Amino acid sequence: NYRGIVAMNLGAAPHSTFNILASHSLLDPCSSGAGTVLSVPKDEPECSSNISSMVKEGHGSGNEDHKSFNQFDVVQDYSDHHYAKTSPGKTTKDWAKTIQNEWKLLQRDLPESIYVRVYEDRIDLIRAAIVGPAGTPYHDGLFFFDVCFPPEYPRCPPKVHFHSSGLRLNPNLYESGKVCLSLLNTWLGSGSEKWGKSNSTMLQVLVSIQGLVLNDKPYFNEPVIFSSKEKHSLGYNQTAFVLTCKLMLYLLHKPPKHFETLIVCHFHERERAILEACRAYASGMVVGSSVMDGRTYLRNKCFAGFKKSLDAQTELLAKELSANRLHALQLKREVDAADKTMSTS
């Protein structure tokens, strides 16, 4: 019983298991999770798309609904988790204590663009959502990863599966869901680049994926570079952005459990930024660049193919984001009603 194991390590009764999260905790009415959570104060995040960084008005700007979704939460249902049917095997109290410490670290130090859900009855499982960094072909996207701590943890690294939806949008992220990273011992590395049982953490893995994998020139992540020419990198970024748009559509159609609220709020907030970027890139601006840079592509056959693909995705995204806007407004009404009920009770 995972709940009992953690409770014993905390010296608390099972119902007090998650007091490690906060001494004065509250239940977030907008959270899709059912756990007791610490309300994490956040600064207003800047728009992750450089294209529309100066846009202050219109759909999706100025929305603060994302603040209602806690970065760290404890939830129940893990049925759609990639490792749900994987038996955790024989575990120990030390193993549970190590994971408990990982939870503490994640709750305390998560960057504002990474969100995590852990599972009350399966503490060996984690789900994380990473916002694509600004200045990359992944900006404004959401990227989901399912994590499993094996019984040998932390002597060996966690297992990580990427929700690819069958898309290969990065050399390190396979269609199969494999994540190729030296820190996970799934790629070559030496010294601190590889997993270390005494100094590597789950937080480090997530930050590495965001900063090292989802970077501005993913073409050069390829283990074998057939050409070092910048034009090939620019072309790869075009493909990566189109696939990121496709992934947005998949997430809007079928959001992973416990992240439904995040997906609605995130894409409502970023709606204008995303569509502005699509139009700018289709007009010739380099993917991931800012308006201030003014860099544009050479108009050739390759660009024509990119523009055709991007125009098709933009049309689909515009429709889905418009529908999502209605969901966001409905969600806001529900939250306002809940707040009103709580204030009058």
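Analyst: Happy to! Of the 345 residues of the chain, 51% count as buried. Keep in mind that this is a predicted model. The chain has seven helices and five strands, and from the N terminus on its elements run α-β-α-β-β-β-β-α-α-α-α-α.

User: Why does threonine 314 count as buried?

Analyst: Buried means under 20% relative accessible area. Threonine 314 has a relative accessibility of 11%, so it counts as buried. You will find threonine 314 in helix H7, residues 301–344. Leaving aside residues up to four places away in sequence, threonine 314 touches Leu275 and Cys278.

User: And why is leucine 326 called exposed?

Analyst: Exposed begins over 50%. Leucine 326 has a relative accessible area of 57%, so it is exposed. Leucine 326 lies in helix H7 as well.

User: What makes lysine 197 exposed?

Analyst: The cut-off for exposed is over 50%, and lysine 197 has a relative accessible area of 58%, so it is exposed. Lysine 197 lies in the loop between E5 and helix H3 (202–213). Not counting residues up to four places away in sequence, lysine 197 touches Pro154 and Arg155. The C-alpha atoms of lysine 197 and proline 154 are 5.0 Å apart, although the two residues are 43 apart along the chain.

User: How do you know that helix H5 is mostly covered?

Analyst: Count its residues: H5 spans residues 260–269, and nine of its 10 residues are buried. Among them are Leu262, Val264, Phe267 and Glu269.

User: What makes the faces of strand E1 covered?

Analyst: Look at both sides of E1, residues 72–75. Phe72 and Val74 on one side are buried, and so are Asp73 and Val75 on the other.

User: How do you know that E1 and E2 are paired strands?

Analyst: Pairing needs at least two bridges. E1 and strand E2 (residues 114–119) are joined by four bridges, so they count as paired, and they run parallel. Phenylalanine 72 has valine 116 in E2 as its bridge partner. On the way from E1 to E2 the chain passes through helix H2 (residues 93–109), and this β-α-β crossover is left-handed.

User: What makes E2 and E3 a pair?

Analyst: Again the requirement is at least two bridges. E2 and strand E3 (residues 122–131) have six bridges, so they pair, here in the antiparallel sense. Valine 116 stands opposite alanine 128 in E3. Helix H2 lies across E1, E2 and E3, and runs at about 25° to E3. Helix H4 (residues 230–253) also packs on the sheet: it touches E4 and E5, and its direction makes about 70° with that of E4.

User: Why do E1 and E5 count as edges of the sheet?

Analyst: The order of this open five-stranded sheet is E1-E2-E3-E4-E5, with mixed pairing. E1 and E5 stand at the edges because each has a single partner strand, so one side of each has no neighbour in the sheet. On average, neighbouring strands are turned by 20° against each other, direction ignored.

User: Why is the aromatic pair of phenylalanine 145 and phenylalanine 162 called tilted?

Analyst: Two steps lead there. To pair, ring centres must lie within 6.5 Å, and these two are 5.1 Å apart, centre to centre. Next comes the angle: under 30 degrees is stacked, over 60 is edge-to-face, and the rest is tilted. The planes here make 35°, so the pair is tilted. The pair links distant parts of the chain, with phenylalanine 145 in strand E4 (residues 142–148) and phenylalanine 162 in strand E5 (residues 159–162), 17 residues apart. Both residues are buried. The whole structure has 13 aromatic pairs.

User: How do you know that arginine 122 lies over the face of tyrosine 78?

Analyst: One requirement is a distance within 6 Å of the ring centre. Arginine 122 is at 5.4 Å from the ring centre of tyrosine 78, and it lies over the face of that ring. The charged end of lysine 178 likewise sits over the ring of tyrosine 174, 5.5 Å from its centre.

Technical notes: Residues are numbered from 1 along each chain as its sequence is written. This is a predicted model: local features need pLDDT of at least 70, side-chain atom pairs count only at pLDDT 80 or more; totals for chains, interfaces and linings use all residues. Side-chain values use heavy atoms; hydrogens and water are left out. Buried means under 20% relative accessible area, exposed over 50%, partly exposed in between (1.4 Å probe, protein chains only). Helices (H or I, at least four residues) and strands (E, at least two) are DSSP runs, numbered from the N terminus. A crossover is right-handed if, with the strands pointing away from the viewer, the path from the first strand over the helix to the second runs clockwise. Rings of Phe, Tyr and Trp (its six-membered ring) pair if their centres lie within 6.5 Å; planes under 30 degrees apart count as stacked, over 60 as edge-to-face and the rest as tilted. A charge sits over a ring if NZ of Lys or CZ of Arg is within 6 Å of the ring centre and within 35 degrees of the ring normal. Axes are lines fitted to C-alpha atoms, for helices over the stretch in contact, and angles run from 0 to 180 degrees between N-to-C directions. Contact means heavy atoms within 4.5 Å.
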